[in-house]
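Me: I'm new to this one and would like to go through it slowly with you. Can you put the structure up before we start?

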Amino acid sequence: MQRVILPILILLLTASITLAQNLGTLNGSVVDKLTQEALVGVTIRLEGTELGTTTDIDGNFRLNNVPPRSYNIVATYIGYAPFTKFNVVVTTGNANQVNFQIEPDANSLGEVVIATNKSVKIASVETPLSIQNLSVEEIKSNPGGNFDISKVLQALPGVSAGAGGGGGGRNDLIIRGGGPSENVFYLDGVEIPVINHFTTQGAAGGPVGQLNVSFIEDATLATSAFNARYDNPLSAVLQFTQRDGNPERVQGNFRVGASETSLTLEGPLAKNGKTTFLASARRSYLQFLFQLIGLPIRPDYWDFQYKVTHKINAKTTITSLGVGAIDKFYFAAPKESSPENNYILSSVPSINQWNYTQGFTLKRLVEDGYWNLTFSRNMLDNRLDQFTDNFDGKQKDEAKRKLRLQSQEIENKLRFDYNKYVGAWKYAFGAGVQYAKYNNNTFNRIFPEVKDDNGNIIQPGLTLNFNSAINFLKYGFFGQINRTFLDQRLAISAGMRTDGNTFMNNGNDIWRTLSPRASISYALAEKWKASASVGRYFKLAPYTVLGFRDNDNVLVNKDINYLQSDHYVAGLEYLPTRSLRITVEGFLKRYADYPVSAVSGLSLANQGNGFGVLGNEKVSSIGKGEATGVELFVQQKLLKNFFFTGSYTLFWSKFSNANGREIPSSWDNRHLFSAILGYKFGRNWELGVKYRYQGGVPYTPFDDVASRRDYAVTGTGTLDADQINTLRLTAFNQLDLRIDKKWNYRRATLDIFVDIQNALSSKSQGEPNYTFTRNADNTDWKTTDNLPLRPDGSNAIPIILDNLSGSFLPSIGIIVEF
């Protein structure tokens, strides 16, 4: 592969194209951040140039004849704080959309206040700390990110990817030591439960993200001090803001990457530009690549996304958006038999899955405020099949079946929020109601029945076989109030939320889920701010838990409680320049009522990072936990062609199992470090470098006797219940590089990039895997006495696989804008 990459780099370096100067277009809008009103006469200036313009009567602007390169764009307006959008790339292929939301500034009205650097400010009064933001360029050009937002977020403070640091091909977001099921995701205010292909039902992780980054304007991650409008977060709220389509002409891009190809189109749907659209489709070709290299798995996916925005009048806008995916994960006979391939065939289910989210939002501006009315529907259809060897999934020998799951999750949601500003006061309130349906048809062999030579049962078998269908209502109410004092130096926010449902035995006892939260921030000096927050947050257990029935068809989990997490956070923010932000924070999270498995005795907090289902079992709300740590974050926006982000997190995470003793959790990395830097050379060349380090997480060794006994049915080793998380994996580290070169033609842009993942060929250790040795022709198990495998597996020949990954992985991508 290196022999292929080198000539291409030489070709790019020596390419010389003589063209007349081709120019790009920049357009966008400016609104008041508080009231969302369009602002007329705002000055838009490209820093370091003489180019500029002003907004029209509708708050829109357009700037033509812009030389293609990266700019910092400044918006200034009397009575408002200046605001800078950093690292905006102008090309000739697409008109770039740049939207500003600027805040009133008492300083510019003659009042004496401590000035705040609005250009790098991310925090709000409600969330004055524990919040980070990534721009679209930081997402698109992220080395090793492969245009996958979940992978990009792993470089932020407090964010890890679990065992192997993501090197094992997963997108699990572990936030400040919490499990992957503790996060919620919003796309333009519409909740999207699924953001990954081949998602783990009951959690949220998966191997590949399904959101199109061409739609994204920015992504904001809050890891505490959550606004009361959001229900169900225990560890994080991730908000994706999409841009609107180009109101003037149809344009788009075509992208070919390492594992997929995608097409995006956008433009006006009406001549007056009041209705615009964005639409995309993406197709993977991983299945062909895996076939070429001889792996027995065939992942195959499609995804689709759209957004339509219609401006009814100056005060009313309606938006429709949708995200959907079709995923198939199946098997084929490997080119060669190996313990690693055999383990894959025995341990992973085939997946036939699809999902969608469809949402409509009506936004209406009122005097000094606005309200939103949102209706959405989402559905996940998940079908899993697993056999003891999976060697020929098409035959489906029922005698060898281990798992059959056919499940659907359906939610219909209606949400309303009202936001109002009165002087130094801001208040918001709202409510939401959801109609939820869940269906589950499960057959699952948990343990085989094992007898000794005399026919005596030495291990009773356990098989789940049930069909469940439930439907119920979920509802919630919230209120939030903010106030600034001392000429805006002091800001205080308080909020309250409560949620209920008609399914759980105590679901309508809404006083049980009263979740107060408060935050305070104080400007110590012109460039220093201190903040603190405290809050109690609740989350409803996954549908897989709620809808589980035992073999007597009884819903056995109706008496569980909402999961609870109490947050305590304090931090400092230092803004030495208008483009540099430094934060340091300490955090403490305490958990209560976490579900613990009645079968394995393990907390669900330690699970959810595998393919399949989380929580399809009887549980008890007896788990506790704690995560505590400190974070340092440095973010330098584009300055003299250079930008940088760096973070370090030191933390401890622990949860209790059935015995009540808190032990290090499966996400207890202790140390997280990441650094991303970029440099923009002349002639549209760009270099990106990313380095990540994650401490090794705890894991549990196998129980040899139980593993021998169970493996022929379960396809995996059985963990030693007396040694949960007593061992620890080695640390993960990875260096990624990316080089981009753009060519701008009259109405098109060509971007060719080389992305090198794991440039140092560092090895990543995942949890060891357990398997049995196969015979020479791969038709049966190899045994110590050459006899058939005994029921207790005592004559098997076990192998412990090290589960190391981490190859030097170069790839080439092409983006064509038109």
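Reply: Here it is, and please keep in mind that this is a predicted model.

Me: Okay, then which residues of helix 7 are buried?

Reply: Helix 7 covers residues 704-714, and its buried residues are A706, S707, R708, D710, Y711, V713 and T714.

Me: What does D703 do at the start of that helix?

Reply: A side-chain oxygen of D703 reaches to within 3.1 Å of the backbone nitrogen of V705 at the start of helix 7. After the helix comes G715, which has a positive phi, near 75°.

Me: Which residue has a positive phi although it is not a glycine, and where is it placed?

Reply: N65 is one of them, with a positive phi of about 55°, and its place is in strand 4, residues 60-66. Most residues other than glycine have a negative phi.

Me: Is N65 buried or exposed?

Reply: N65 is exposed, because its relative accessible area is 52% and the cut-off for exposed is over 50%.

Me: And what about Q488?

Reply: Q488 is also not a glycine, and its phi is positive, near 75°. Q488 sits in the loop between strand 28 (462-485) and strand 29 (490-501), and at 42% relative accessibility it counts as partly exposed.

Me: Changing topic, how many cavities of 30 Å³ or more are there?

Reply: The count comes to 15 cavities of 30 Å³ or more, and the largest cavity holds about 510 Å³ of space. Its lining has 32 residues, of which P193, A203, E409, K539 and Y543 are the closest to the centre.

Me: Which elements give two or more residues to that lining?

Reply: For the largest cavity, those elements are strand 11 (183-187), strand 22 (350-366), strand 23 (369-387) and strand 24 (401-422). By class, the lining of the largest cavity has 14 nonpolar, 11 polar and 7 charged residues.

Me: How much space lies in the second largest cavity, and which residues are closest to its centre?

Reply: About 230 Å³ of space lies in the second largest cavity, and of the 23 residues that line it, D231, Q434, G476, R497 and D499 are the closest to its centre.

Me: Which element gives the largest share of that lining?

Reply: Strand 24 does, with 5 residues in the lining of the second largest cavity. By class, the residues of that lining divide into 9 nonpolar, 5 polar and 9 charged.

Methods:
Residues numbered from 1 in each chain as written. Predicted model: local features only at pLDDT ≥ 70, side-chain atom pairs only at ≥ 80, totals over all residues. Heavy atoms only, no water. Buried < 20%, exposed > 50% of the residue type's maximum accessible area, 1.4 Å probe, protein only. Helix = DSSP H or I, 4+ residues; strand = E, 2+ residues; numbered from the N terminus. Polar contact = N/O pair within 3.5 Å; in protein donor to acceptor, adjacent residues only side chain to side chain. 1 Å grid on protein atoms, 1.4 Å probe; cavity = no way out; pocket = protein on both sides within 12 Å on 5 of 7 lines; lining within 4 Å. Points joined across faces, edges and corners; volume = space filled by probe spheres on them. Nonpolar A, V, L, I, M, F, W, Y, C, P; charged D, E, K, R; others polar.
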